[in-house]
Amino acid sequence: MGITEFPPDDAVTFRDKIAMKERVSSRGFKCPNFARVWSPANVLQFIQRFGYPVVIKPSLGSASAGVVVLRNDDDRNAYLKTGFFSKIDDDGKCMDYSGDMIIESFAAGTMVHVNGYAHNSKIELAWPFKYINTNLSFTNGSAYGNVLIPASTPHHSDLVAAAQQVLLALPCPEHLVFHVELFETVSDDGAREFSLCEVAARRPGGSIGNLIQRCEGGAASSTQPPLFQEMEFRLSIGLGLRHNRQNISRYARNDSGFSVGDLMVPLKIGKLVSVPDAKECPVRGVQVVQIAKPGTTYSGFNIAVMNTCVRLIATVEDSENTTETDLEEKLKAAHNWYNAHVQFAENLKLAIAGRSKAKLEAVREALAATVANEDQKASILSIPILLADSTDQESLDAVAASTKVVVSTVGPFLQFGKPLVDSCVRMGTDYVDSTGESKFILDLINTYEQEAIAKRVRIVPSCGFDSLPSDIGSFLIADHFAKQGKKTESVRALVINGMGGISGGTLHTMAGIIASSSFSDLMRLSDPYIITPRSEEPENRPAASPVVLGYNKDLSLYEALSVMAAGNGAYVRRSWGLLKGAYGPNFQYYEAMAFNNIFQSALLVLGSTVGGSAMFFPPTRWLIKKLVPQGTNTASEQTLRSSDGLMKFVGQAEDGSKAIAEFKTRGDFGYVATGTMLAEAAMCLALDRSKLDASAAEAGSFGILQGGILTAASAGGMILVNRLQKIGFKISVADV
């Protein structure tokens, strides 16, 4: 029949990533550093030689299955501890994958791919694309797609030439349908450099074939056979192409600037409630193809089920000015429109816990009274009640064992908070709280840090006004500069609209810390780096002087001492340390209260000094506690709900450029917004677990950590920011 022989030893170079890269790199084409993995020692040796980040994946894998990115020692230890060379198959049998894994240096840059047909190793037809994110991103909950590179551009020629080099390095059969994936970087002078990700002797997967079909004018025809499927079938039985090169592809003839791209938007965990009308998409040239139907319930990525919510397809037909950027902008705009109108009901199971069943029932009834819908009332009244006491470890163990995430507002945490954290670490349950006590956080670090890292348990304290806004604002500035290739030198935060009143709980906590601490303990708590996990000696750390009085020229506001600056600053510096100083080696953080005139600023400093001093004397401490009892606030509920919180952050990069970030809440910082921030932080840990587990790229420039005593920025990053924005918080950053 004329079927072309493809010897097994040659075919393996198109399947085994190690054999493939050994062959290609030996013939001069660049590949990331790589090695075969036989044991954990190979992983350790590779990291010691080439550093982080690294990628480990099956050498015979596909569709990003089994791919792991290790960014630091914590990721490495957790991966090795969980048994990286053993997998469990469907029958529960242990399968040894040692030797069938490859470790590579993480390749920076853009992923691109070239698909086509080669005759005797020479490319005759080629369709090069740029990836929008990757398969791995899609499995972690991010949209993923492809943009066809217009044939009239130099970028197209460069990609085809790179793919040609790869094929010339491999033992190709006479007829070859191929899919080549490359990493692309662009130098300052505009020159492109490519390195090999992998190559396959097959047609492209996913939606790529459909995009090529559309490019060739076959999208609307139900009678025209799919281009790549027909090519692959005919070539596999030795028939050759049905058409000559000039007739088979209008794109390959370079007679049109037509280009096409798509974006596959994944489902979100929960129930798909409603979708927008595809005809109402305002972006010209974008087709909305709804895939999932309303009512679909989704529990996370599973290769055996449909994971896509909607497919967005964009086309451009400008023969002179078409670029892949035009398509990306169209798809981004359509994606934003779709996200603004699609509705999901998050698949969240909730229980409330405490010591008194009667009080918990009263809370449940009060909450039900705030809604008019009878189904919602019934749902609230059916929320389970769990009884637990901080003095009864067994009851706390039962609560922690029954859930994925616990939210604690116990306070004072130094007195009552530790037993619940103990239960969470032992039971493998993530944890969020509202503490503002650095001493409590330090105790958790000293007691549970290593165990939480080993078990990949996320313990995330201080997710209320203490200290989430300060932490996220600083993170936004640093992330903003990092995307410009800059390091952050300083962040100066101003609380413009703060708490709606004075919290009795906060005053009692402060009084308790002062009463139970010696003078040397209090001096230690004043150390701005008390909870920072950095190994440098103190004299090598950036300065951290408090703001007493000053004027902020960038915001035209006066600054005055903030009683929360020390705790918030320590928390921000912990994020800086946990993220390995990635903000910048000389990063500094300052925080103050904002006023319109110097007299208000001076009055606050005087009042803070007098009030703070009074706390050190038992009689006045007793009086203050008596005047503002625990569990009360000096402001009314109406005031708390109407007093939106606002912080602004002035960031300066090491090159002197500046940016301003804003963090504005709905409701006052101390009560209403704190409750919202705690809830969203907890839901981030519970519902965005697949993204967090993979340190998804959408977490930001610095990655996130998967276990330990963490911070809001190091545990959730931009994934948490996106949640807060979606429920109405105004969080933004821009250059000055």
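I started with charges over rings: the charged end of Arg573 sits over the ring of Tyr529, 5.7 Å from the ring centre. My rule for this is NZ of Lys or CZ of Arg within 6 Å of the ring centre and within 35 degrees of the ring normal. Arg492 lies over the face of Tyr590, at 5.1 Å from the ring centre.

A note on what I'm working with: this is a predicted model, where local features need pLDDT of at least 70 and side-chain atom pairs count only at pLDDT 80 or more, while totals for chains, interfaces and linings use all residues. Residues are numbered from 1 along each chain as its sequence is written, and side-chain values use heavy atoms, with hydrogens and water left out.

Next, ring pairs. I took rings of Phe, Tyr and Trp (its six-membered ring) as paired if their centres lie within 6.5 Å, calling planes under 30 degrees apart stacked, over 60 edge-to-face and the rest tilted. That gave me eleven aromatic pairs. In one of them, Tyr583 and Phe587, the ring centres are 5.2 Å apart and the planes stand at 80 degrees, so I logged the pair as edge-to-face.

Are Tyr583 and Phe587 buried or exposed? I used under 20% relative accessible area for buried, over 50% for exposed and partly exposed in between (1.4 Å probe, protein chains only). Tyr583 is buried at 0%, and Phe587 is buried at 2%.

Then the sheet. Helices (H or I, at least four residues) and strands (E, at least two) are DSSP runs numbered from the N terminus, and two strands pair if DSSP finds at least two bridges between them. I found seven strands in an open sheet, ordered S24-S25-S26-S23-S27-S28-S30, with mixed pairing. S24 (549–552) and S30 (730–735) are the edges, each with a single partner strand, so one side of each has no neighbour in the sheet.

I zoomed in on S24. Four bridges join S24 to S25, antiparallel, and Asn552 has Leu557 as its bridge partner in S25. The two strands make a hairpin with four residues between them, and Ser556 in the turn has a positive phi of about 55 degrees. On S24, Gly550 and Asn552 make up the covered face, Leu549 and Tyr551 the uncovered one. S25 (557–560) also runs antiparallel to S26 (588–595), with three bridges, and Glu559 partners Ala594 there.

Last, cysteines. Cys281 is buried at 12% relative accessible area, and Cys309 is buried at 1%.
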